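I opened this structure for the first time today. These are my notes on what I looked up, entry by entry.

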Amino acid sequence: MRKLELLAPAKDLKCGIAAIDCGADAVYIGAARFGARQAVGNSIDDINELCEYAHKFGCKVYVTVNTIIYDNELEDTQKLLNELGRIGVDAILVQDMGITKLQLPQDVDLHASTQTDNRSAEKVEWLARHNFDRVVLARELSLEEIRIIHQRVPQTELEVFVHGALCVSYSGVCYASEYCFGRSANRGACAQFCRMKFDLTDKDGNEIINQAHLLSLKDMCRIDSLELLADAGVTSFKIEGRLKDINYVRNVTAAYSNQLNEIISRRGSEYKRASSGVCDIRFTPNLNKTFNRGFTDYFLNGRTSDLASFYTPKAMGEYVGKVKEIRGNSFNVAGTTSFANGDGLCFINSNNELEGFRINRAEGNRLFPLRMPRGLRKGIALYRNSDQLFEKELNGDNVQRKLGIRINIKASAEGLYIEAKTCDEKLRINLQKDISLEKAQKSQIDNIKRQISKFGNTIFTVEDVIVEPTDFPWFIPNSILTEIRRQVADELMNKLSENHIDIQTKDHALHIQTKDHALQFPDKGKGSFHSISSYQQPYMYNIANRLAHSFYEQEGMSDITPAFEIKKPSSPLVMQCRYCLRHELGQCKKIHKQSGLLKEPLHLRLADGRTFRLEFDCKKCQMNIYADE
């Protein structure tokens, strides 16, 4: 039986706990430095507290150390790894191969971040040779490509993004933000070049498209494909969003958790959840009500169009109807949608720009904005990107995760014997109370079950109480049952705490990883590197420190070039994308055989006049973007 893991983002401690309460089997979080979201770092103390909470339910905590590292940061990186090992995190996510040359903590798994650009079976095999336990695959891969990778490297766990924002470039090989603004995506400081407006011009300088968000993709949503992904070999289903707020985390995590539970309810002999506990979620998740730019399953089922959101890089939300009539300082909306004071609405105006406003007062479907939007017209489609009633529901105290337990009580004239265990049987305790019992005048079984099940505000919920013998003749005072219940709760909590202490106090003597993977590869020596050495530019290996230099030297790389961030080349390749603008515009030459559809080369032009040449590599079905000097 294979475990399936729902992996949720944690901007901070509160978001991490919320994700676990809503059904996440694991969370990923950034430390104070070296995470690919520079804006969201967390203290060791907070990560430790998150570990303590997560491990009670068998959930895991992964920490992102997935930026490229400079030489003067190696010592601090080592200190961080030591601290993460001490507090018992479950894995670290890595981009920089130099980190594999540091002393890594024992019993902490090594995950290859999507920033290592994992698009092929050869790359995953290569990473497995270097003791990576898990590989986060490129978002662009199709279901069939994922299946092939799993078949080639079955012992390596595969993690796949299933929801959230999409980068237009393959992760780890985007240099546009660093080139234009001195803010490196590989250092966690992306300035979101791909969300900007561009003109599209042809070979002669003619403007084809004026100021549109030509590289801004819709958000990923694969909630209807989880079963297919599981069957293809995916272990972990990852939700993007370490910059998202707590309500986004609650809503999206709950939606995907419910979907996984539904799959397991049908296929419980094949799959099970990777963690323990029962989540009581007293709201109805709705992905359309949470931040999104419109949804796509991206390349999961092959190449399609309608991947981008040209009009806006912002969230539009759910469609709520069309403007039916405008009168004075109000208007009404056709349809049956209910509105509330404070709802946020938006629409695409005549300039093809997103225009938003807030409802001051709602009277049925007649809405009174604080100020009437200038671009609002009869017949315009409206979208709600802020739903006050739904936000209020998410903000309520309506989520709780508990560990299910089973209690067995046996009695004789000499005393009581109690066994309590979690439903997954990972925790078990035994108690004995040497007390004299009197015969009961009537059956006590119902009262025993009722009293022993009152675990109140603890993290435990009683799934079953078995009382033996079945004709139970003894009388047990409620005071004794209360004492038993408290003792069971205390003993189980002590067991949970001991588990975490065991993790913390293991011998974390630092060592270079020498894990013996079950999957063995033929020894290709230095030549093993060349099966994955296909980058168009040598700086795309992101070698930013002496340990990374040494790593690739040992792999047999002859032309070791510093990372883009250290030495900027002229007219560089700044993005490599599976997304193809020509295909998105209906101009794919593989589909439309006529020549001369668009005069190439095509260029993107920013408002400040800087231009970028588009190269279409049809053999690889890939678009490359070069900066013009």
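**Entry 1: a hairpin**

I began at the hairpin of β28 and β29, which has five residues between the strands, and found Gly609 there with a positive phi near 100 degrees. This is a predicted model, so I note the limits: local features need pLDDT of at least 70, side-chain atom pairs count only at pLDDT 80 or more, and totals for chains, interfaces and linings use all residues. Residues are numbered from 1 along each chain as its sequence is written, and side-chain values use heavy atoms, with hydrogens and water left out.

Strands here are DSSP E runs of at least two residues, and helices are H or I runs of at least four, numbered from the N terminus. Two strands pair if DSSP finds at least two bridges between them. β28 is joined to strand β29 (residues 611-617) by four bridges, and the two run antiparallel.

I then followed β28 to its other pairing. Strand β8 (residues 198-201) and strand β28 (residues 602-605) are antiparallel, over three bridges. Here Thr201 is opposite His603 in β28.

I stopped at Glu615, which is in strand β29. Buried means under 20% relative accessible area, exposed over 50%, and partly exposed in between (1.4 Å probe, protein chains only). Glu615 is partly exposed because its relative accessible area is 26%. From Glu615 to Cys580 I count 35 residues in sequence and 9.8 Å in space, C-alpha to C-alpha.

**Entry 2: a covered strand**

Next I turned to strand β7 (residues 157-164). Seven of its eight residues are buried. Strand β6 (residues 134-136) pairs with β7 in the parallel sense, over three bridges. Val136 is opposite Glu159 in β7.

**Entry 3: rings**

How many aromatic pairs does a search of the whole structure find? It finds 17. Rings of Phe, Tyr and Trp (its six-membered ring) pair if their centres lie within 6.5 Å; planes under 30 degrees apart are stacked, over 60 edge-to-face, and the rest tilted. Tyr53 and Phe57 have ring centres 5.5 Å apart and planes at 65 degrees, so the pair is edge-to-face. Tyr53 is buried at 18% relative accessible area. Phe57 is buried too, at 0%.

Tyr535 and Tyr541 are also edge-to-face, because their planes stand at 75 degrees, with centres 4.8 Å apart. Tyr541 is buried, at 11% relative accessibility. I traced a cluster linked by ring pairs: Trp126, Tyr535, Tyr541, Phe551 and Tyr552.

I also looked for charges over rings. The rule is NZ of Lys or CZ of Arg within 6 Å of the ring centre and within 35 degrees of the ring normal. Lys238 lies over the face of Tyr28, 4.4 Å from the ring centre. Arg582 has its charged end over the ring of Phe616, 4.3 Å from the centre.

**Entry 4: cavities**

I searched the whole structure and noted two cavities of 30 Å³ or more. A cavity is a set of points, on a 1 Å grid over the protein atoms alone, where a 1.4 Å probe fits but cannot get out; lining residues have an atom within 4 Å of a point. Points are joined across faces, edges and corners, and a volume is the space filled by probe spheres set on them.

The largest cavity holds about 160 Å³. Its lining has 17 residues, and Thr116, Lys123, Met540, Tyr541 and Tyr552 lie nearest its centre. Ala, Val, Leu, Ile, Met, Phe, Trp, Tyr, Cys and Pro count as nonpolar, Asp, Glu, Lys and Arg as charged, and the others, Gly among them, as polar. The lining of the largest cavity has eight nonpolar, six polar and three charged residues.

The second largest cavity has about 30 Å³. Its lining includes Asn288, Lys289, Gly317 and Glu318. Strand β20 (residues 381-386) gives the largest share of this lining, three residues. I found no nonpolar residues there, four polar and four charged.

Most residues other than glycine have a negative phi, and most peptide bonds are trans. I listed some exceptions.

- Glu468 and Pro469 are joined by a cis peptide bond, with omega about 0 degrees.
- Glu600 and Pro601 are joined by a cis peptide bond, with omega about 10 degrees.
- Gln211, not a glycine, has a positive phi of about 40 degrees, and lies in strand β9 (residues 207-212).
- Tyr298, not a glycine, has a positive phi of about 60 degrees, and is buried at 0% relative accessible area.

Methods:
1 Å grid on protein atoms, 1.4 Å probe; cavity = no way out; pocket = protein on both sides within 12 Å on 5 of 7 lines; lining within 4 Å.
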